[in-house]
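Please brief me on this model. Cover its helices, the packing between them, and a few individual residues.

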Amino acid sequence: MRPVAAKLLSAVRDGTSLADAMRKQAGRFPEDYQNVVRAGEASGTLASALDELAELLAQRAAVEAKVWSALTYPAILFGLAAISVVVIVSVLVPSIVPIFEQSGKRPPELLRIVIWVRDNGAWLGLAGAGAVGLAGATFAWIRRDPRRLYTWDAYMLKVPVIGPLVLERETARFARTLGTLLKAGVPLLQGAVAATSVVASRVIAAKLDRAIGMIREGRSLANALSTEQVFPDVALRMIAVGEETARLDRMLLRTAGLFEQRIERGIDRLMTLLTPALTVAVAFIVGGLIMVVMNAILSVNDLAAG
């Protein structure tokens, strides 16, 4: 960011406004950032506008950090499970197989499966890499067409557990961005357009675009959003109250806080269910391999007795 900051400083020294200097930085600063800064410069409250922008970024970072923190334990669990499987297959199994080969006896069926997996590990790895590559190519194919992306986003909104989290995330992002813009002095219509640009779901963004068209025709924000049924009912009611009391910016920020808390609780619940499920699955895989090895060792005793 140092070269970017240097260019901003140089442009401002040459008489360019900070918002225009940001706009010239080739997509470094999103539209909602620029609108907040432009409104602060126009109203002479740039310092408070930047403070609001910093709070907006901090809230977004907090939500993202919560997601990544929740994924840390499953990632560690899978990593340790993979190491355990590699040790069992590459160290324990090879030490047992020669005993059966020397005696001329067939290894137990489960051990034979493990041996087959070990012997064909390269092909299985290629098959797994091919599957991952195919999934990546499919996703890239989806991203190339806006219609396919729209269909994908519509499907994600219908997926249990994930769909509600996506809706709540988009509600929080739109509400916090628009609330921040309004608090900085940006007009409602301009702020709604900028807030829509931060919404990732194309289905929700399309509904917001239609709602913005209604706002241009003179309808209120709450009425337009209610007509399109963009967000959950509680968000729509809070926005309506904000408009009726002339405190729309505060109510939008409060709405964002409410849904950010919902997202955190939803992630916590998801991890509460996912963690024991992953633990059981890993225990089943690793424990199953250990049982195979133990049964093979017991079969060695039978061979010695025979």
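The points below go by topic, beginning with the basis of the model.

This is a predicted model, in which local features need pLDDT of at least 70, side-chain atom pairs count only at pLDDT 80 or more, and totals for chains, interfaces and linings use all residues. Residues are numbered from 1 along each chain as its sequence is written, and side-chain values use heavy atoms, with hydrogens and water left out.

**Helix α1**

- Helices are DSSP runs of H or I with at least four residues, numbered from the N terminus.
- Helix α1 covers residues 2-13. Its 12 residues should span 16 Å at 1.5 Å a residue, and its end C-alpha atoms are 16 Å apart, so the two agree. The expected span is 1.5 Å times one less than the number of residues.
- Val4, Leu8 and Ala11 of α1 are buried. Buried means under 20% relative accessible area, exposed over 50%, and partly exposed in between, with a 1.4 Å probe and protein chains only.
- Down the axis of α1, the buried residues fall within an arc of 65 degrees, so they line one face of the helix. The arc is taken from the directions from the helix axis to the C-beta atoms.
- Those buried residues pack against α2 (18-23). Contact here means heavy atoms within 4.5 Å.
- Arg2, Pro3 and Arg13 are exposed on the other side of α1.
- Gly15 follows α1 and has a positive phi, near 105 degrees.

**Crossing of α7 and α10**

- The axes of α7 (residues 146-158) and α10 (residues 202-216) come within 7 Å and cross at roughly 100 degrees. Axes are lines fitted to C-alpha atoms, for helices over the stretch in contact, and angles run from 0 to 180 degrees between N-to-C directions.
- The two helices, α7 and α10, are therefore roughly perpendicular. That label covers 65 to 115 degrees; under 35 is roughly parallel, over 145 roughly antiparallel, and the rest oblique.
- From α7, Leu149, Tyr150, Asp153, Ala154 and Leu157 meet Arg202, Val203, Ile204 and Ala206 of α10.
- The residues of this contact between α7 and α10 divide into seven nonpolar, no polar and two charged. Nonpolar means Ala, Val, Leu, Ile, Met, Phe, Trp, Tyr, Cys and Pro; charged means Asp, Glu, Lys and Arg; the others, Gly among them, are polar.

**Residues within helices**

- Glu260 is in α13 (residues 248-305). Its relative accessibility is 9%, so Glu260 counts as buried.
- Leaving out residues up to four places away in sequence, Glu260 touches Gln59, Val63, Ala172 and Arg176.
- Leu181 is in α8 (residues 162-183). With 0% relative accessibility, Leu181 counts as buried.
- Leu181 touches Asp32, Asn35, Val36, Val186, Gly191, Ala194 and Ala195, not counting residues up to four places away in sequence.
- Leu181 and Met22 lie 159 residues apart in sequence, with 16 Å between their C-alpha atoms.
- Met291 is in α13. At 49% relative accessibility, Met291 is partly exposed.
- Met291 and Arg118 are 173 residues apart along the chain, and their C-alpha atoms are separated by 17 Å.

**Positive phi in loops**

- Gln229 is not a glycine, yet has a positive phi of about 50 degrees. It sits in the loop between α11 (221-228) and α12 (233-244). Gln229 is partly exposed, with a relative accessible area of 45%.
- Ala246, also a residue other than glycine, has a positive phi near 60 degrees. Its place is the loop between α12 and α13. Ala246 is exposed, with a relative accessible area of 70%.
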